[in-house]
Amino acid sequence: MYPEVALQDSVPSEAQPGGRAAWLARPGRVGRFLLSNRKATLGFVILGIFIVMAIFAPMIAPYDPNATAFLPTLPPSHDHFLGTTSQGQDIFSQLIWGARQTLLIGGIAGLAATALSVLVGVTAAYLGGLVDHILSVITDIFLVIPALPLMLVIAAYAQGGGMWVLITVIAVTGWSFGARQIRPQALSLRHRDFLESARVRGENSAYIIVFEILPNMISLIVAIFLGAALYAVLAAAGLQFIGLGNADEISWGTMLYWGENNEALLSGSPLWIMAPGACIALLGASVALINYAVDELGNPALRTARRQRGRRAAG
Amino acid sequence: MPSAEIAVPRAAAPLLEARGLTKHFRVGGIFSRHTLHAVDQVDLAIHPREIVAIVGESGSGKSTVARLLAGVYRPTAGEIFHHGRALSQMRSRRAMLAYRGRVQMVFQDPYSSLNPVYPAARGIFRALKLHRKDLGRDARRQEVLRILESVGLTPSREFIRKYPHELSGGQRQRYGFAQALASRPETILADEPVSMLDVSIRLGVLNVMAELRRQEDVSFLYITHDIASARYIADRILVMYAGQVAESGLVEDVLAGPKHPYTQLLLSAVPDPRAELDVTAADKGEPPRVIDPGEGCRFRWRCPYRIEICDRVTPALSPVGPGQMAACHVAAGVAVGESSATAAPPASGR
Amino acid sequence: MAGEPRVEGSSVAHEATVLEVRHLGVEYLTGDAPVRAVDDVSLILRRGEFLGLVGESGCGKSTLCFAIARLLGDNAEITDGEILFSGKNLVHLREKQLRHLRWRELSVVMQSAMNALNPVMTVGAQLADAMRAHDKLPAREVRKRGSAVLELVGIDPIHLNSYPHQLSGGMRQRAMIAMALVFIPDLIIMDEPTSALDVVAQRSLMVQVKELQRELGFAVIFVTHDISLIARFSDRLAIMYAGEIVEMGGTRQVFEDPKHPYSRGLLGAFPSIRGPKEVLKGIPGSPPDLRHPPSGCRFHPRCQYVMDICPTAPPPAYTPRGNDLVRCYLYAGRGTPETDMEEAEDRERHALR
C-alpha cells in the first residue's frame with residue numbers, strides 16, 4: 001500500500017555533504033584517521049609523553065625539585081641527568097615536576113578562553129541584531145588591544161600572583177580570536193533547516209544551542225581549543241620568564257626565569273634554560289601538529305590527495 | 001469581509017485560518033527605512049482532511065506564509081486562528097507547544113533538514129518526548145517503528161539506526177514527514193517537500209502525502225512552484241504573486257479557467273510535453289518588486305490587460321466564478337459584467 | 001521570429017558532424033576504488049543540432065560534459081575513448097592547444113550563474129576578460145562585441161556596467177550565455193542553465209536559446225534533469241542512467257515511444273496539468289551508488305520488466321529503429337547490436353562528407 005523503500009537503496013549515489021560534524025557519527029573512522037595521519041601521531045606521542053611526565057612526576061623525578069641539597073652548578077652526570085642549578089637543585093627533577101604546572105595552565109587557560117569564545121560567538125550569531133552588533137564590537141576591541149602590554153598590566157596589578165592569575169590573564173586576552181572564528185560558522189548553521197525543524201518540533205532556544213548547534217561545531221571548537229592552549233603555554237612561559245608569575249612555583253617558565261636571573265647560559269649550566277625551553281617548544285609543536293590533523297578532519301579539502309595503491313593503468 | 005474562499009459549504013469548521021496575514025521585513029541595515037513586503041493581507045483556511053496548495057515563484061511569499069503559520073515568524077499584521085483561537089493570545093510555552101503538536105512542518109532541503117550529527121530518527125524520538133509524554137521508553141520506540149513504517153521506511157528496525165549521510169534524498173524527506181507525524185498533528189505544512197528530489201522519486205513522496213491524508217486524517221498545506229504537482233494532490237489552490245494572493249479556488253476550476261493574468265501566464269509557461277503549447281516568450285520572468293511596493297497591482301508591470309485603475313488601487317480578492325476568487329480589476333469587472341445575480345462589486349483597495 | 005520551432009529528427013541546413021564521442025569512459029579517483037562515472041558513451045552531434053542530455057542526479061551527465069570540454073578536475077580522468085571535435089581528438093590535446101579551441105569553437109555555460117559570475121567585476125569586464133583570454137582584440141572591438149552579445153540574449157547593453165548582484169537570476173543566466181557566445185562557437189555545452197530559474201524565466205530562456213541557435217547555427221548539448229522542459233526544443237534526446245546512455249534518438253520518437261524501461265518510468269513521472277487525473281507511480285528505489293554498481297544492466301534492480309539475463313552482463317546498444325539506440329535486452333534480436341551500429345554510423349558519416 002505505501003510506497004516501500006528497499007534497504008539496499010540506502011546507499012546513496014550522490015556525494016554526501018555531511019559537513020564538518022558528520023565525523024561525530026563515525027567515531028571509528030575518526031580514530032583510524034587520526035592514527036593514520038603522521039602529523040597527528042607525532043603530536044599525540046609527544047603530548048602523551050609530557051602528560052605521563054606530569055601525572056607520574058613523583059615516581060619519575062629522582063629528587064624533590066625544591067631541595068637545594070646538592071652541589072650547585074654541576075654538569076650533567078649519572079646522578080643528575082641535566083646537572084644542578086646554582087642553588088643546588090636537580091634540574092631534571094624540576095623539569096619533570098614543571099610539566100604539571102605548564103600543562104595545567106595551558107589546559108585550563110585554553111579551556112577558559114575557548115569557553116568564552118564559544119559563549120560570545122554563538123550568542124552573537126544566534127541572537128543576531130543589536131546583541132550581535134554589541135558583541136562583535138567587544139570582540140574587535142579585545143582583538144585589537146595588544147596582548148602583551150595588557151597581560152603585563154594585569155599581571156603587575158595583581159602583584160605577580162600565581163597560576164590562577166595567569167590563567168585569568170591569558171583567558172581574558174585570548175578569547176577574542178576564537179570568537180571571531182566561531183561566529184561565522186554559527187551564522188552559517190543558523191539558516192540550516194534542522195534548526196528550524198527543531199524549533200518547529202517545540203524545542204526551546206537553550207536546547208537548540210547546546211544540542212543542535214554546538215555538536216556541529218565540535219571540530220572547530222577543538223581546533224580553537226588547541227590554538228588557545230598553544231597560546232596559553234607560550235604566554236604563560238613568557239609571563240613567568242619576565243617574572244610576573246609566582247617565582248616560587250615550579251614550572252618550565254619559572255625555570256627560565258631563574259636560569260636567566262642566574263645567567264645560566266654563561267655560568268656553566270646552559271641546560272637549566274635550554275631544557276625547559278626545548279620542552280616548551282616541543283609542547284607547542286605537538287599541539288600544533290594535532291591541530292593540523294583536526295583541521296584536515298573537519299575540512300577534507302585540506303587533505304593531500306593520496307593516490308591509492310593498485311590503480312588500474314589508464315586505458 | 002469573511003474569508004469566503006469557497007462557495008461549496010464545508011461541514012467542518014476550519015482547522016487553521018489566517019486573516020489579513022502580513023509580514024514585512026526591514027532591509028538594508030539597522031537604520032534603513034525600506035521594508036520588504038514578504039506577505040500582504042493573505043487570507044486562507046485549511047479544513048480537515050484537505051490538501052491546500054500554494055503555488056508561486058520564488059519571492060512570492062509562499063514559504064513565508066508557511067513559516068508564519070508554523071510560528072517561526074511573528075506576523076507584522078493580521079491573525080492566525082487555530083480552532084478559532086488566536087495565535088497571538090498563546091503566550092505561554094505550554095500553549096505554544098500544544099499548537100506545535102497540532103501544526104507541524106516539513107522542509108524543502110533534505111540535505112539540511114536533518115542534523116548530521118545524530119541518527120535521523122532522533123527527531124522522531126524528541127518529538128514524541130515533547131508531545132506524547134504519556135509514552136514510556138519502550139512504547140516510544142514502538143511508536144517510532146510504527147511511524148517509520150507508515151512513511152514507507154521499511155524494514156523500520158534497520159532505518160531507526162541510520163545516520164543522515166547513509167540516506168538518499170528521498171529517504172531523508174520521509175524522515176522529515178515521520179518527525180512531523182510524531183505528535184499526531186492535524187495539519188502538516190509542507191514547504192516544497194519534493195523540489196530538491198529527483199523526478200522519479202518525487203511521485204513516491206507525493207503519494208505518501210496523499211496516503212497520509214487518507215489513512216491518518218492529516219491535512220496538508222502544500223507549498224510548491226510546480227503547478228502540475230499541485231494539481232496532482234491538492235483539492236484547493238492559492239496562487240501567490242509578490243506576497244499577495246492572486247487567485248484561489250478549487251484546483252480543477254482554477255486550472256481549467258484561470259482568471260488572473262498571472263495564473264494564465266504561469267499555466268502557459270509550464271512545460272507539458274503532452275499538450276500543444278501556444279506561444280509567446282514576451283514575458284522574461286522578471287521578479288516582482290516587493291521592496292516598498294506602494295499601492296497598485298503588483299503584477300501591472302507584466303500584465304497585458306493593464307488599465308488605469310491598476311496603477312492606483314491594489315485589487316482585492318473578489319469572486320470570479322463559483323468558489324473562485326481573483327485579485328484583478330479586469331477579471332472582477334468581467335465577472336460583474338457577466339453575472340447578474342451574485343457578486344458584490346469589486347472592493348476598492350484598502 | 002517568435003514561435004516554437006518543431007524540428008524533428010536531424011537538423012536542417014548543415015549536416016556535417018561537429019562532435020563525435022566514441023566509447024568514452026571517465027573515472028573518479030576516490031579513496032578505495034575508482035568510480036566509473038561515465039561508461040562507454042558514444043554520440044554524434046551534427047552542426048546546428050540541439051541534443052538534450054537528460055538524467056537524474058548522479059547519472060554522469062555533468063561529468064560527461066566536463067569531459068568533452070576537457071574541464072575535469074584533478075580527481076577525475078578520461079580512461080577510455082575519443083572525443084573528436086573539429087578534426088582533432090580532444091583527449092590527446094594539451095592544455096595550450098585546448099585553450100586555443102576553447103571559447104572560439106567550444107564553450108560552456110555552467111549550472112549556477114550566481115556562482116560562476118565574479119561578484120566583484122562588472123558584466124562588461126567579465127565579457128572583456130573572456131574575449132581577451134582567447135583572442136587579441138582592440139578595446140573598441142571588445143566593447144562593441146560585448147554590447148552586441150548582450151543584445152543578442154535580450155539584455156540592455158547598459159548592463160555592461162552592472163555588477164552581477166544587480167541583475168535578476170534570469171538575467172545573470174542570460175549573461176552567462178552571452179559570455180559563451182562571444183566568439184560564436186560551433187558547439188555550446190549548457191549544464192542545467194535553467195534549474196535555478198522560475199518556470200516563466202525558464203521558458204523565456206529556452207525560447208531565446210533556440211532562436212539564437214537558429215540564427216547563429218551553433219550546436220548545443222543541453223543537460224537537464226527535466227525532460228518535459230527540453231522536449232519542446234531539442235532535436236535529439238539522450239537519456240543517461242548510472243553513467244551510461246540508455247536511450248537516444250529523435251526527440252519525438254523517444255517521447256512518444258520510449259523504449260527503455262527507465263525512459264518510460266521517467267516520462268511517466270510527470271503529472272500533467274491538463275487531461276485526466278491519474279495515479280502515477282514513479283520509479284521505485286533510487287539511483288545506484290556508482291561505487292558498487294549493480295551487476296549487468298545497471299537499471300535491473302528497479303526494472304519492472306527484468307529478465308534472467310539482465311543481471312548477468314551489461315546490455316549492448318541495440319538499434320531497433322536504425323537511428324536510435326537502446327541499452328536493453330528487451331530489444332535483443334529486434335535490432336542490430338553494437339558492431340552493426342558502428343557500421344551504420346560509418347555509413348552515415350560517409351554520406352555526410
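So, from the N terminus on, chain A runs α-α-α-α-α-α-α-α-α-α-α-α. That comes to 12 helices and 0 strands, where helices (H or I, at least four residues) and strands (E, at least two) are DSSP runs numbered from the N terminus.

A word on the ground rules, friends. This is a predicted model, in which local features need pLDDT of at least 70, side-chain atom pairs count only at pLDDT 80 or more, and totals for chains, interfaces and linings use all residues. Residues are numbered from 1 along each chain as its sequence is written, and chains are lettered from A and ligands numbered from 1 in the order in which they are written.

How confident is the predictor? Chain A averages a pLDDT of 79, with 82% of the residues at 70 or above; pLDDT is the predictor's confidence in each residue, from 0 to 100. Residues 1-23 of chain A fall below 50, and that stretch has 56 contacts beyond near neighbours in sequence. Residues 304-315 of chain A are also below 50, with 9 such contacts. A contact means two C-beta atoms, placed from the backbone, within 7 Å.

Now the packing. Of the 315 residues in chain A, 40% are buried, meaning 20 or more other C-beta atoms lie within 10 Å of a residue's own, with C-beta atoms placed from the backbone.

Finally, chains B and C: their contact takes 37 residues from each. On chain B, the elements giving two or more residues are α7 (199-216), α8 (227-233) and α10 (261-269). Which gives the most? That is α7(B), with 6 residues.

Methods: A residue is buried if 20 or more other C-beta atoms lie within 10 Å of its own, exposed if 12 or fewer, and partly exposed in between; C-beta atoms are placed from the backbone.
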